[in-house]
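Subject: A structure for you to look through

Hello,

Here is the structure I promised to pass on. Please open it beside this email and follow along as you read.

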Amino acid sequence: MKKKKIIKKAMAVLLSAAMVLSAAGCGGKTADNGTASQTAGTENPESAAAQGSGADALEPYTITWAYIGATYQDTDLVEAEMNKILQPKFNCTIDIIGFSWGEYTQKLNLMLSGDEPLDMVPVIYGNGASYLNNGQIIDMKDLIDKYGKNMKEVLGEDTLNVCNVGGRIYGVPVFKEYSVDAAVMMRKDMLEEAGFTVDDIHSIDDLGPVYEKVKAAHPEMVMLAGRKGETPAVASIWCDNLSDGFGVIMPEDKDGKVVNYYETEQFKHNAQVIYEYEQKGYISKDCATMNDGKKPQVKAGTAFSYFTPTKPGVDLQDSLDTGYEMVYAPLTDTFRATSQMAWIGWGIGKNCKYPERVMQVLDYMYSSPELMNLFNWGIEGKHYVFADKEKGIITYPEGVNVQNKTYGLNMGYEMPNQTIAYVWEGNDPSIWDEYREFNSAEPLISTGFIFDNSKVLTEISALTNVRDKYIDAIGSGAVDPETAIPEMNEALKKAGLDKVIQEKQAQLDAFIASK
């Protein structure tokens, strides 16, 4: 295989953690014409809420709803508007709490392990099986069957059930991009200043000349942004990481052979290139320990580029998030993957007092443009205005921008159903048709498979500790990969990697045979 092709395949794994930053532009309908499920019996007071009746007979309840992303000072105002819809219909209110990407794992674990109320839980791909097996979230299968009318219509049965471990469902997916490719996202002004265009970049190696020119003009800046847990070479674990990265399926694999990614030539090559970039000053010396996300670094004017998955409208989305016009150069082909379909699922925490009512509210979210617009964009006139009301296109009010806005999540990729919300100015009103076309990419042989790690929890814990010890240093180019990678692999083997791969292989073989 030629070097260029090897590198391109390698970059098909460019993103495990970077995936979590893929966002959707927004949506398009304007009236709340959805209804919650009618299937529940009225003998249960909680079930009555599903019919939009009997809410007054229910005990008032506050749903603690967590999300992952930036927080804003006007959240209380947005909650109040959402509660005007939820209180009459379900006799409940909503308390929205946000966790940054750097802290969400630790904080969610603490809340789910203790007695704190946490009703709606954002379950990121790879965490669901552990949360479920540890009893931190509940099996939602019966609740979906009973109350999931709207989500079934939006997602379809196959996607709806993808967050599935041994027949138990830990979360409800959202409508987003289900296919993936990898790219490098860059500030357009600096790229052009250096005399390059996106057409000059097709691989990770092609970035060297670009970074050299940009760095010469802006020596104070980082060329390639990353952070702890999402360093540039860590992003290259992606492929189909089969929930945890300890045994993966490579994009070109047609037989379903689970391999150790850290032993592949692709990983070694990526790590070596990142090491060379770090030696040239293109990557921050603090990359392995910093918590600031990649886009916030660009927004702050300290970074030029970062690795990201793409999707329709991603350049506009990232331009809105950073405050600079951003452009991207694709680095891989596109394929459909479990990690994208199940990237975030809305789960219900073990301490939820009224799971039936919370499930009814979640299902209603899939049909309510009013709630989707409030949650994602905020309040009309204050946080956004119409650029074209007939087409449902919105923009910032006069004097408001990405730097000073007081609300505006711009996180359709976490919203239950972003397709019924407004479209941000610059996106094509038909963007959701583009998404459906993007989602029709060829699946991998493992697409739809989620690993049940219940038989190897001890090994997974030990492997995680080993990886945490090495991966951020390797991924940020802080250590020589020629010595660090073999050392990490030896430690992974001792921690039980072969046992995990063997269990994964058996489960994947059964999954493939059942298709």
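What volume does the largest cavity have? The largest cavity comes to about 70 Å³. Before you go looking for it, please keep in mind that this is a predicted model, so every value here is computed from predicted atoms.

**Empty spaces**

Rolling a probe the size of a water molecule over the atoms shows where empty space is left. In this structure there are 3 cavities of 30 Å³ or more. To find the largest cavity, select the residues that line it: Leu320, Asp321, Trp377, His383, Tyr384, Tyr396, Lys405, Tyr407, Gly408, Asn410 and Trp424. Sorted by class, this lining has 6 nonpolar, 3 polar and 2 charged residues.

There are pockets to look at as well. The second largest pocket has a volume of about 500 Å³, and 22 residues line it. Nearest its centre lie Gly69, Ala70, Tyr72, Trp101 and Pro296. Helix α12 (residues 294–299) gives the largest share of this lining, with 3 residues. The lining of the second largest pocket is made up of 10 nonpolar, 6 polar and 6 charged residues.

**The whole protein**

Now step back for the overall picture. The protein has 20 helices and 16 strands, and 61% of its 515 residues count as buried. Among contacts with a separation of 6 or more, 81% are between residues 24 or more positions apart.

With 14 residues at 1.5 Å a residue, α19 should span 20 Å, and its end C-alpha atoms are 19 Å apart, which agrees. Which residues of α19 are buried? They are Pro481, Ala484, Ile485, Met488, Asn489 and Leu492. These residues cover an arc of only 130 degrees around the axis, so they sit on the same side of α19. If that pattern is new to you, here is the background: an α-helix has 3.6 residues a turn, so residues three or four places apart point the same way. On the other side of α19, Glu482, Thr483 and Lys494 are exposed.

What covers the buried residues of α19? The cover includes α11 (265–279), α18 (457–475) and α20 (497–514).

Gly496 lies in the loop between α19 and α20. Its relative accessibility is 15%, and buried means under 20%, so Gly496 counts as buried. Apart from neighbours within four places in sequence, Gly496 is in contact with Glu459 and Leu463. Gly496 and Thr458 are 38 residues apart in sequence, with their C-alpha atoms 8.9 Å apart in space.

The 15 residues of α11 should span 21 Å at 1.5 Å a residue, and its end C-alpha atoms are 21 Å apart, which agrees. Its buried residues are Gln266, Phe267, Asn270, Ala271, Val273, Ile274, Tyr275, Tyr277 and Glu278. Just after α11, Gly281 has a positive phi of about 85 degrees.

Is Pro209 buried, exposed or partly exposed? At 41% relative accessibility, Pro209 counts as partly exposed. Pro209 and Phe196 are 13 residues apart in sequence and 9.4 Å apart in space, from C-alpha to C-alpha.

Enjoy exploring!

Best wishes

Notes. Residues numbered from 1 in each chain as written. Predicted model: local features only at pLDDT ≥ 70, side-chain atom pairs only at ≥ 80, totals over all residues. Heavy atoms only, no water. 1 Å grid on protein atoms, 1.4 Å probe; cavity = no way out; pocket = protein on both sides within 12 Å on 5 of 7 lines; lining within 4 Å. Points joined across faces, edges and corners; volume = space filled by probe spheres on them. Helix = DSSP H or I, 4+ residues; strand = E, 2+ residues; numbered from the N terminus. Nonpolar A, V, L, I, M, F, W, Y, C, P; charged D, E, K, R; others polar. Expected span 1.5 Å × (residues − 1). Buried < 20%, exposed > 50% of the residue type's maximum accessible area, 1.4 Å probe, protein only. Arc of directions from axis to C-beta. Contact = heavy atoms within 4.5 Å.
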